Amino acid sequence: MTKTLAVVGAGPGLGMGVARAFGSHGFRVGLIARNQDTLGRLVDELTRSGVTAAAFPADIRDREALAGALAGVGERLGPVDVLEYSPSPTGAITSAARTTAASATEQFELHVLGAVTAVGQVLPHMLARGAGTLLLTTGVSATIAAPFLGNVGLAMAGLRNWAHALHAELGPQGIHAATVTIASRIVPGDPVTGPDAIGARYWRLYRQPDRREEVIGDPEAFRALVAGTTGVSDADG
């Protein structure tokens, strides 16, 4: 039976890499993002390659709109079997010391509350079927503290923690929850960090329901970058 992938935060890079990877294995694809024109071009690209795809415009920070878009995916393409959540970074990025309640809330609404809303929309149907996959994307600041990404890291770490808690709670019920931690720039055409190479990694993670995380890139290179910027390493305690 044909399955359905919903990509929340779809764009020409990461989102399309995931869409192409799953579409090449017969998945129908629903793309969700704010810009309707961009979504239309992405749907046309997928359609030309033989993938059944449709666009569902919504602002991820608008929880009702996001839930409605995901409901639309289910109505038009069938119940969502795989949710991939990877909104493009938006909003002001503040250092750790300059993070305010407002700047933290802005990133938390995008990365955490958007994910909670999306999962809340598709999870009841997954539980009813006893099957489904939730792939939530984070950045490397989820695992390595970077002062220059203070409010972003705060949200990313929260999302990663919640995803791993979902993995433990939902696994026995047939639901696979996992994070993909991106520790690299996405470089078109790169054999490791290009959109299609990354999409293949999402597919591999989907096929391994016992795993809770895939890390793409080199976290240690980022750790060294942070240390070089601040002059402080983990070893300094």
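Which residues in α3 meet α4, and which residues in α4 do they meet? In this predicted model, R63, L66, A67, L70 and A71 of α3 are in contact with E109, L113, G114, T117, A118, Q121 and V122 of α4.

**Helix pairs**

Helix α3 spans residues 63-77, and its axis comes within 9 Å of the axis of α4, with a crossing of roughly 40°. That angle makes α3 oblique to α4, because an angle counts as roughly parallel under 35 degrees. The crossing of α3 and α4 is right-handed. The residues of this contact divide into seven nonpolar, three polar and two charged.

Helix α4 also packs against α5. The axes of α4 and α5 come within 7 Å and cross at roughly 20°. The two helices are therefore roughly parallel to each other, and their crossing is right-handed. On the α4 side the contact is made by S103, A104, Q107, F108, H111, V112, A115, V116, V119, L123 and L127. On the α5 side it is made by N151, V152, L154, A155, M156, L159, W162, L166 and L170. By class, the contact of α4 with α5 has 16 nonpolar, four polar and no charged residues.

A further pair is formed by α1 and helix α6, the latter covering residues 195-206. Their axes are 7 Å apart and the packing angle is about 55°, which makes α1 oblique to α6. α1 passes α6 in a right-handed crossing. From α1, the residues L14, G17, V18, R20, A21 and F22 take part. They meet P195, D196, I198, G199, A200, Y202, W203 and Y206 in α6. This contact has 10 nonpolar, two polar and two charged residues.

The axis geometry of the pairs is set out below.

| Pair | Axis distance | Crossing angle |
|---|---|---|
| α3 and α4 | within 9 Å | roughly 40° |
| α4 and α5 | within 7 Å | roughly 20° |
| α1 and α6 | 7 Å | about 55° |

**The largest pocket**

The largest pocket has a volume of about 630 Å³. It is lined by 28 residues, of which P87, P89, G139, M156 and I182 are the closest to its centre. M156 is also one of the α5 residues in the contact with α4.

Several elements supply at least two lining residues each: α1 (14-23), α4 (101-129), β5 (132-139), α5 (150-170) and β6 (175-183). The largest share, three residues, comes from β5. By class, the lining has 12 nonpolar, 15 polar and one charged residues.

Which elements of the packed pairs each supply at least two residues of the pocket lining? They include α4 and α5, the helices that are roughly parallel to each other.

Terms used
Residues numbered from 1 in each chain as written. Predicted model: local features only at pLDDT ≥ 70, side-chain atom pairs only at ≥ 80, totals over all residues. Heavy atoms only, no water. 1 Å grid on protein atoms, 1.4 Å probe; cavity = no way out; pocket = protein on both sides within 12 Å on 5 of 7 lines; lining within 4 Å. Points joined across faces, edges and corners; volume = space filled by probe spheres on them. Helix = DSSP H or I, 4+ residues; strand = E, 2+ residues; numbered from the N terminus. Nonpolar A, V, L, I, M, F, W, Y, C, P; charged D, E, K, R; others polar. Axes fitted to C-alpha atoms, helices over the stretch in contact; angles between N-to-C directions. Parallel < 35°, antiparallel > 145°, perpendicular 65-115°, else oblique. Left-handed = near helix turned anticlockwise from the far one by under 90°. Contact = heavy atoms within 4.5 Å.
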